[in-house]
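Please look over this model before the notes below.

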Amino acid sequence: MKVVFFEDVEGTAQAGEVKEVRNGFARNFLLPRGIAGPTTKENLRRANAIAQREARRQEKLDAEARAIAAKLENLVVSIEARVGETGRLFGSVTNRDVAAAIQAAAGVELEHQQVLLPEPIRELGQRPVEIKFTRNVSVTVTVDVVPDAASKPVVEKLQAARAAEAPAAEPAE
């Protein structure tokens with residue numbers, strides 16, 4: 001069934017689009033909720049007006065987001081974490097931790113959903129993390145996970161052990 005969308009439907013369509021959808025999806029979900037309608041001239045005009053209004057609103061949001069993204073460009077955020085005997089973190093650094101660290105470092109208000117972290121960080125080191133403000137504006141921030149004060153002796157001991165192993169492994173080759 002061909003329908004005209006009056007609202008954005010995540011993963012399906014944006015407001016103003018005309019798309020072919022399954023009959024059951026249209027009859028049972030889209031049409032009863034008023035999210036979409038049949039492709040009549042009146043509905044096409046309505047959807048066109050909604051799409052233009054949405055485009056203006058989206059451009060305004062993008063302009064605001066670009067100003068915030070400019071503040072975060074090339075930002076490196078350090079997060080202290082507790083490290084175990086094996087060099088891995090106790091627990092992990094999540095998108096909530098990253099959002100809080102960015103807010104503390106740059107003073108930018110972020111929701112944790114805006115931090116696109118594919119999986120929690122469980123090791124020390126630097127990682128690029130994408131921050132998505134709108135569907136068109138995103139910025140990459142570098143997150144540096146460092147050991148906390150209590151874990152520094154453990155990390156130094158591990159680094160010394162790795163350094164001692166490296167020269168011993170070279171002559172064997």
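How much space lies in the second largest pocket?

1. The second largest pocket holds about 170 Å³ of space. A pocket here is an open set of points on a 1 Å grid over the protein atoms alone, where a 1.4 Å probe fits, with protein on both sides within 12 Å along at least five of seven lines; lining residues have an atom within 4 Å of a point. The volume is the space filled by probe spheres set on the points, which are joined across faces, edges and corners.

2. This is a predicted model: local features need pLDDT of at least 70, side-chain atom pairs count only at pLDDT 80 or more, and totals for chains, interfaces and linings use all residues. Residues are numbered from 1 along each chain as its sequence is written, and side-chain values use heavy atoms, with hydrogens and water left out.

3. The lining of the second largest pocket includes R88, L117, P118, I121, R122 and V129. Its residues divide into seven nonpolar, no polar and five charged. (Nonpolar: Ala, Val, Leu, Ile, Met, Phe, Trp, Tyr, Cys and Pro; charged: Asp, Glu, Lys and Arg; polar: the others, Gly among them.) β7 (121-123) and β8 (125-132) each supply at least two of the lining residues. Strands are DSSP runs of E, at least two residues; helices are runs of H or I, at least four; both are numbered from the N terminus.

4. The largest pocket holds about 280 Å³. Among its lining residues are D8, E10, R57, Q58, K132 and R135. Helix α2 (residues 41-72) gives the largest share, three residues.

5. V93 sits in strand β5 (residues 88-93). V93 is buried, with a relative accessible area of 2% (buried is under 20%, with a 1.4 Å probe and protein chains only). Leaving aside neighbours within four places in sequence, V93 is in contact with I79, V98, L117, P120, I121 and V145 (contact: heavy atoms within 4.5 Å). V93 and Q58 are 35 residues apart in sequence and 32 Å apart in space, C-alpha to C-alpha.

6. An open sheet of four strands runs β4-β9-β8-β6, with mixed pairing. β4 (76-81) and β6 (115-116) are the edge strands, each pairing on one side only. Two strands pair if DSSP finds at least two bridges between them. β6 and β8 run antiparallel, joined by two bridges. V115 has I131 in β8 as its bridge partner.

7. Helix α3 (residues 95-106) lies across β4, β6, β8 and β9 (138-147), at about 125° to β4. Axes are lines fitted to C-alpha atoms, for helices over the stretch in contact, with angles from 0 to 180 degrees between N-to-C directions.

Conventions. Buried < 20%, exposed > 50% of the residue type's maximum accessible area, 1.4 Å probe, protein only.
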